[in-house]
Structures are given as structure tokens and as C-alpha cells.
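Q: Hi! I'm new to this one, could you walk me through it?
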Amino acid sequence: MKRDIPFLAVLLFFYLLFYGIVYVIPMDELLRKGLVVNNVLIYSPLATFLVGAVYAGLYAFYYRFLLLATLMFFVTIMIFGEWILLYHAAYFICLLLGTLLGYGIFRWRKTSK
């Protein structure tokens, strides 16, 4: 469980803390909205993909991590005040693809030794 915490912390940053930082830092309102939209559409799915790939590349495929990372999606409900199924489905697909890629790398590294 200890090895999951840094990876989940990265997801927590993109799903929750990023918005707090964007709204605290003084900036133009258009830039703020652009950062929020880019986080929803680009940064969070990319971070989710990379976290899944790196975790599975280092530690193999574990359902526990997949479940914990999926539960982290629900943190965004607190931010937006609503549940958007499309975003959660897209984030889950990114997580699953990243995890499968990482697991492939893990297996390749294991067989090449």
C-alpha cells in the first residue's frame, strides 16, 4: 500500500489541488478558464495514463491500484458538483490503457533478464 501513495498523490494533484492552485494564483480570468479546461481535457487524462503506465511498469498489474485510482475519479465530483460520466469513462480508459502498456513493459523487462 505504501508504494501506491505517491502515484495516487499525483492523481490527487490533478483531480483536486490543481483547481485550488489555479483559483488562488492571481491571473487573467480567460487564462484561468483555459487552464481548467485544459486540465479536464488534456492534463488529467495524460497524467492518469502516465501514472498507470509507470506504476504497472514498475510493479506489474494489480487490481487494487486500478480500483484505488478509479475511486480517485470521484474526487472530481467535489470540484464540479456533478457527476460527468463521459469524463470518468475517458479517465478510466486512459488508466486502463496506461496500466496495460506498463504491464507489457514490465513483462518485457522480466523476460529479457
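Q: Let's begin with Phe 65: which residues is Phe 65 in contact with, leaving aside its neighbours within four places in sequence?
A: Phe 65 is in contact with Asp 4, Phe 7, Leu 8, Val 51, Gly 52, Tyr 55 and Leu 95, where contact means heavy atoms within 4.5 Å. Keep in mind that this is a predicted model, in which local features need pLDDT of at least 70, side-chain atom pairs count only at pLDDT 80 or more, and totals for chains, interfaces and linings use all residues. Residues are numbered from 1 along each chain as its sequence is written, and side-chain values use heavy atoms, with hydrogens and water left out.

Q: Okay! Which residues have the most contacts inside the largest nonpolar core?
A: Those are Leu 8, Leu 11, Tyr 15, Phe 65, Ala 69 and Leu 95, in a core of 20 residues. A nonpolar core is a set of buried Ala, Val, Leu, Ile, Met, Phe, Trp, Tyr and Cys residues joined through side-chain atoms within 4.5 Å; buried means under 20% relative accessible area, exposed over 50%, and partly exposed in between (1.4 Å probe, protein chains only).

Q: And which elements give two or more residues to this core?
A: Those elements are α1, α2, α3 and α5, and α1 gives the most, with eight residues. Helices here are DSSP runs (H or I, at least four residues), numbered from the N terminus.

Q: What about Thr 70, buried or exposed?
A: Thr 70, found in helix α3, counts as buried because its relative accessibility is 19%. Not counting residues up to four places away in sequence, Thr 70 touches Phe 92 and Leu 95.

Q: Switching to α5, which of its residues are buried?
A: In α5, His 88, Tyr 91, Leu 95, Gly 98, Thr 99, Gly 102 and Phe 106 are buried. What covers them includes α1 (5-24), α2 (29-59), α3 (63-72) and α4 (75-80).

Q: And Lys 113, buried or exposed?
A: Lys 113 lies in the segment after α5 and counts as exposed, because its relative accessibility is 81%. Lys 113 and Leu 67 are 46 residues apart in sequence and 30 Å apart in space, C-alpha to C-alpha.

Q: Last topic: which residues line the largest cavity?
A: The lining is Tyr 19, Val 40, Thr 76, Ile 77, Phe 80, Glu 82, Ile 84, Tyr 87, His 88 and Tyr 91. α4 and α5 each supply at least two residues of that lining.

Key:
1 Å grid on protein atoms, 1.4 Å probe; cavity = no way out; pocket = protein on both sides within 12 Å on 5 of 7 lines; lining within 4 Å.
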